[in-house]
Amino acid sequence: MNRFALLLFAFLPVFAAAQVTLTHVHGLAYSADGTRIMIPSHHGLAIYEAGKWSKAPGPEHDYMGFSATAQHIYSSGHPAPGSGLVNPFGLLRSRDGGKTWDKLALEGESDFHVMAAGWNTNAVYVWNPAPNSRMRAAGLHYTRNDGFSWARAAAAGLAGEPRAISVHPADAANLAIATSDGLFLSRDAGERFTNIASGEAFGSFFDLESRDLWYSIYDGQARLRRLPLGGAEAVTVSFPPLKDDVVAFIAQNPARRTQYAVATFQRDVYLSDDAGKSWKQIAQRGVAK
């Protein structure tokens, strides 16, 4: 297994002013109003707001597959010890920024590590690790009605170990999957995929304007790239040099569209206010700055 893959689900402790330590982070997302960056982990949510780190109130659930949309937050994972909730969560939905959660489907059956939702469509795609009561086989599945019904996608042409899914913000049939064999794009709800970038891919993100597909890849060097959806060639985004590291998660501020946040496997977190032309580091090896 690649040295980056070994870090896939065990990284990013964040130390806030109150010395909050969060480990095993599984995502990165902005709140719908753009005021907060949310980082889910084994022990609840870390929040970056107004230049400061803090810990979100509430049970310290182990969030997996965390994905924010314009209306909701979707997640999977495991309940906090002592919470009395059924393990694993299956599919959850929050309508108040993660304060409370609705149980949607597959409670006690499935834990989706690789999951994403469309910003404006709320279409949820998951890579199912094993059969369950709604899914007869492992592999790519999606729901467009908050888990009431699921469809299996053939995923023809997809190769490698899936590491991340991203869903187009407006077109529920358009998605990308980053795998150990590259970045793959589908325009028919996952029935067929085309390889659009070689190397080991780790993260991907459709911008909210539906112009570009951002992705991170390692092809002998860690790169952050941006692929115009109109058909132009991908361009490399200027980014601080990474040693034995690669970008894991990418997010865009819905209220300030030129602001992006990224997190790396080695616990670095960066902000850009100019769509990737320059970056400010807000956490280094897990220590808040």
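Tutor: This is a predicted model. Start with Ser272: its side chain lies 2.9 Å from the side chain of Asp274 in a polar contact.

Student: Why is this called a polar contact?

Tutor: The cut-off is N or O atoms within 3.5 Å, one able to donate a hydrogen and the other to accept it. The Ser272–Asp274 pair is at 2.9 Å, so the label holds.

Student: Where is Ser272 placed?

Tutor: In strand β23, residues 269–272.

Student: What makes Ser272 buried?

Tutor: Buried means under 20% relative accessible area. Ser272 has 0%, so it is buried. Setting aside residues up to four places away in sequence, Ser272 touches Thr258, Gln259, Tyr260, Lys277, Ser278 and Trp279.

Student: How do you know that Ala261 is buried?

Tutor: The value for Ala261 is 0%. The limit is under 20%, so Ala261 counts as buried. Ala261 sits in strand β22, residues 260–264. Beyond four places in sequence, its contacts include Leu28, Tyr30, Ile37 and Phe249.

Student: How do you know that β17 and β18 pair?

Tutor: Pairing needs at least two bridges. Six bridges join β17 to β18, so they pair. The two strands run antiparallel.

Student: What makes β17 and β20 edge strands?

Tutor: The open sheet has the order β17-β18-β19-β20. Strands β17 (200–206) and β20 (235–236) each pair on one side only.

Methods: Residues are numbered from 1 along each chain as its sequence is written. This is a predicted model: local features need pLDDT of at least 70, side-chain atom pairs count only at pLDDT 80 or more; totals for chains, interfaces and linings use all residues. Side-chain values use heavy atoms; hydrogens and water are left out. Helices (H or I, at least four residues) and strands (E, at least two) are DSSP runs, numbered from the N terminus. Buried means under 20% relative accessible area, exposed over 50%, partly exposed in between (1.4 Å probe, protein chains only). Contact means heavy atoms within 4.5 Å.
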